[in-house]
Structures are given as structure tokens and as C-alpha cells.
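Me: I would like a close look at a single part of the structure shown below, with its packing and its charged pairs described in turn. Please define each term with its cut-offs as you proceed.

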Amino acid sequence: MTDTALRGESQRPGEPTVLEDVPGWFWDHDRHAFEWFLGRQAEQGVTGDLMEMGAYLGRSAIVIGEHLRPGETFTVCDLFDSDAPDDENSTEMNVSYRKTLTRSAFEANYLAFHDELPDIIQAPTSALAGGRVPAGAYRFIHIDASHLYEHVVGDLQVARVALRDQGVVVLDDYRSQHTPGVAAATWEAVFNHGLRPIMLTECKFYGTWGDPEPFQRELLDRVDLAAGCHLSTETLNGRQLLRMTGSSEGIRPFRGSRYLQRPGGGQPESRGALRTAQEEAAHDLAVRRARAAEARRPVNVAKRAAKDLLPPVVSSAIRRARRG
């Protein structure tokens with residue numbers, strides 16, 4: 001029996017062994033682009049927090065979380081299985097996500113690849129507005145929440161304030177036929193609000209409110225870029241932007257989850273060893289999900305309200321007071 005067949009036979013629902021087992025629309029070129037931007041920041045000593053607005057079942061969040069460094073935080077904001085704030089958003093969710101999107105499914109997928117969950121805000125992304133996230137604290141923000149124009153405009157306003165000078169913002173579905181609101185908000189930000197494009201892929205827009213040229217120069221020099229990624233240049237309103245196309249040649253697969261790996265490294269060699277590894281991983285996952293459930297108890301949610309919703313200066317004062 002092949003490894004693939006063995007994995008398929010014994011894998012239980014909710015136990016992803018590889019990133020592709022996590023449902024979602026996050027393809028190799030964009031995974032490689034995320035890792036390129038996040039990796040360049042690490043190599044150049046750029047620090048700052050990470051954020052994802054709209055996570056679905058966690059495929060892109062798992063990749064972003066791989067680049068979290070000590071002292072940084074990763075914040076994920078999504079409605080998950082909560083009610084939408086307005087009828088139009090509720091209709092959008094019912095069409096696309098309502099049957100499959102739950103917070104518990106996201107947590108299970110994320111914890112299959114990481115030891116700890118990100119900071120989760122289960123709310124509309126509008127909960128991040130009004131100074132509720134610290135200005136200039138973030139180095140990378142992925143926007144993939146509502147496709148409605150008004151909501152994307154608000155998400156971009158949050159990102160503009162939250163990002164540091166050379167921070168990177170990524171917008172999903174900037175050109176899809178069914179998401180004209182994302183396209184309108186994206187290009188409005190470019191022409192009217194200082195957002196500068198770095199690169200376009202088939203699905204995502206990569207930009208900054210800083211200087212795009214250092215990123216573009218390294219991309220064109222093919223620093224750490226996979227062999228199958230082809231770049232072309234365009235000029236938009238007198239400014240350069242790049243387009244990435246090509247194949248997946250040279251894009252390394254993302255590492256396996258705890259269900260694929262064993263303590264000594266690599267994949268279990270026998271069905272019994274695989275099942276033992278899965279049982280151990282399932283126990284670990286149960287412990288981590290229990291911690292997450294405990295954190296969601298009403299009393300604990302109330303304790304975290306200052307962190308999630310109060311202005312950063314107030315939250316910082318509360319944390320200092322608790323430390324004594």
C-alpha cells in the first residue's frame with residue numbers, strides 16, 4: 001500500500017496531514033509570495049505583528065503563523081459561525097460559507113500545524129476600527145473577509161493605520177468577476193489614498209503605503225524566488241508594478257502537520273506507527289481545543305474585552321496594573 005493510500009485510509013475528518021487537506025482557495029503562487037514577503041522581513045530584521053481579516057478554515061493563516069517570531073502577535077478576525085452584522089453580509093455568507101465555516105474547524109486545522117492558536121477576534125472586521133488596534137504595529141496584513149465595497153474600504157482604512165512604514169497589505173479577489181466591491185475599493189485606495197502596488201498575482205494584490213521599489217528590485221533580481229515564477233512589469237499612472245505568473249516549479253511544499261510527522265521526523269513507516277502518531281496528535285489537539293474553549297467561557301471573554309476592544313493605550317495600562 002502506498003503512503004498516500006495509507007494516509008487516505010486512516011485519516012479522520014478534521015485531521016489534515018498536509019496544507020492542501022485544509023479547504024480553501026490559497027494556491028501555490030500566493031503561498032510562495034506570502035513566504036517570500038514574510039521571509040524577506042525576517043532576513044532584514046523587520047519586526048511587527050501579523051494580522052488576517054477573514055480566515056475561512058485556516059489555510060493561509062497556517063502559513064502566516066509559520067512566520068510568527070518571539071514577541072510578536074498574530075491576530076485573526078473572522079465572524080466564523082456568528083451572525084453577520086447586516087443583511088447584505090449575511091446573504092454573502094449564506095451563499096459562500098455558512099455550511100462549512102466554524103471557529104472549531106478553523107482551530108482544529110490551525111492546531112494541526114501549530115502549538116498555539118493565534119489571537120482570535122470572532123467579530124466583523126469593523127470591530128478593529130476606531131483605534132482598537134495599535135497604529136504602526138503590524139508588518140503584514142492579509143485582507144480576505146467580506147467582498148462588499150463598504151466593508152473592504154473599512155478594512156483598508158484599518159490596515160493603513162495599523163501597518164508600519166514598510167508593512168505589506170495583501171488583498172484577495174481584487175479582480176474576480178463576482179467581487180467588484182473588492183476591485184473598486186482596492187483601486188480607489190491606489191488612486192486616492194496612497195496605496196502603492198508591489199505585485200499582482202492571479203488572485204491577490206500585494207501593496208504598501210511605503211516604498212514598493214525595494215521589494216520590486218529584489219523580486220526582479222530573483223532573490224529567493226522559485227524557478228517557475230515569471231515576472232513581468234507594467235506601468236500604472238507612472239509607477240511600476242509587477243505581475244507574477246508561471247508554474248509551481250521550485251516552490252517547496254509546506255511542511256506536514258502533526259498527523260503526518262512523528263517524533264523522530266518524517267512519516268511513520270507502518271500503519272500501526274501512523275495510528276499511534278495520530279492518536280498522540282489527537283490527544284494534543286484535544287488538550288489545545290479544551291484550552292481554547294476555556295478561553296471562550298463568558299468570564300474569560302469578559303477579561304479579554306480590554307485587549308480586544310479597548311484602545312491600545314488603555315489595554316496597555318491594564319496589563320501593567322495586572323503585572324504590579
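This is a predicted model: local features need pLDDT of at least 70, side-chain atom pairs count only at pLDDT 80 or more; totals for chains, interfaces and linings use all residues.

Reply: Two residues are in contact when they have heavy atoms within 4.5 Å. Residues are numbered from 1 along each chain as its sequence is written, and side-chain values use heavy atoms, with hydrogens and water left out.

The chain has twelve helices and nine strands, where helices (H or I, at least four residues) and strands (E, at least two) are DSSP runs numbered from the N terminus. Its mean pLDDT is 83, with 71% of the residues at 70 or more. Over residues 262-271, however, the pLDDT is below 50. Of the 324 residues, 47% are buried, that is, under 20% relative accessible area, as against over 50% for exposed and in between for partly exposed (1.4 Å probe, protein chains only).

Helix 2 covers residues 28-43, and its end C-alpha atoms lie 22 Å apart, in agreement with the 22 Å that 16 residues should span at 1.5 Å a residue. That expected span is 1.5 Å times one less than the number of residues. Just after the helix, Gly45 adopts a positive phi of about 75°.

Because twelve of its 16 residues are buried, helix 2 is largely enclosed by the rest of the structure.

A nonpolar core is a set of buried Ala, Val, Leu, Ile, Met, Phe, Trp, Tyr and Cys residues joined through side-chain atoms within 4.5 Å. The largest such core has 41 residues, and Phe34 and Phe37 are among the members that touch the most others, as are Phe106, Phe140, Met199 and Leu219. Elements giving two or more residues to this core include helix 2, helix 5 (103-111), strand 6 (196-200) and helix 8 (213-220). Helix 2 makes the greatest contribution, with five residues. Seen from Leu219, the contacts beyond four places in sequence are Trp36, Phe37, Ile198, Met199, Leu225, Leu231 and Leu242.

Helix 2 also meets helix 8 through charge. A salt bridge (a side-chain nitrogen of Lys or Arg within 4 Å of a carboxyl oxygen of Asp or Glu) joins Arg40 to Glu218 at 2.6 Å, N to O. Since Arg40 lies in helix 2 and Glu218 in helix 8, the pair ties together parts that are 178 residues apart in sequence. Both partners are buried. The pair belongs to a network of salt bridges that also links Glu43 and Asp224.

Arg103 and Glu107, with closest N and O atoms 3.0 Å apart, both lie in helix 5, four residues apart, about one turn of the helix. Arg69 pairs with Glu72 at 3.5 Å; Arg69 counts as partly exposed at 22% relative accessibility, whereas Glu72 is buried at 12%.

Methods: pLDDT is the predictor's confidence in each residue, from 0 to 100.
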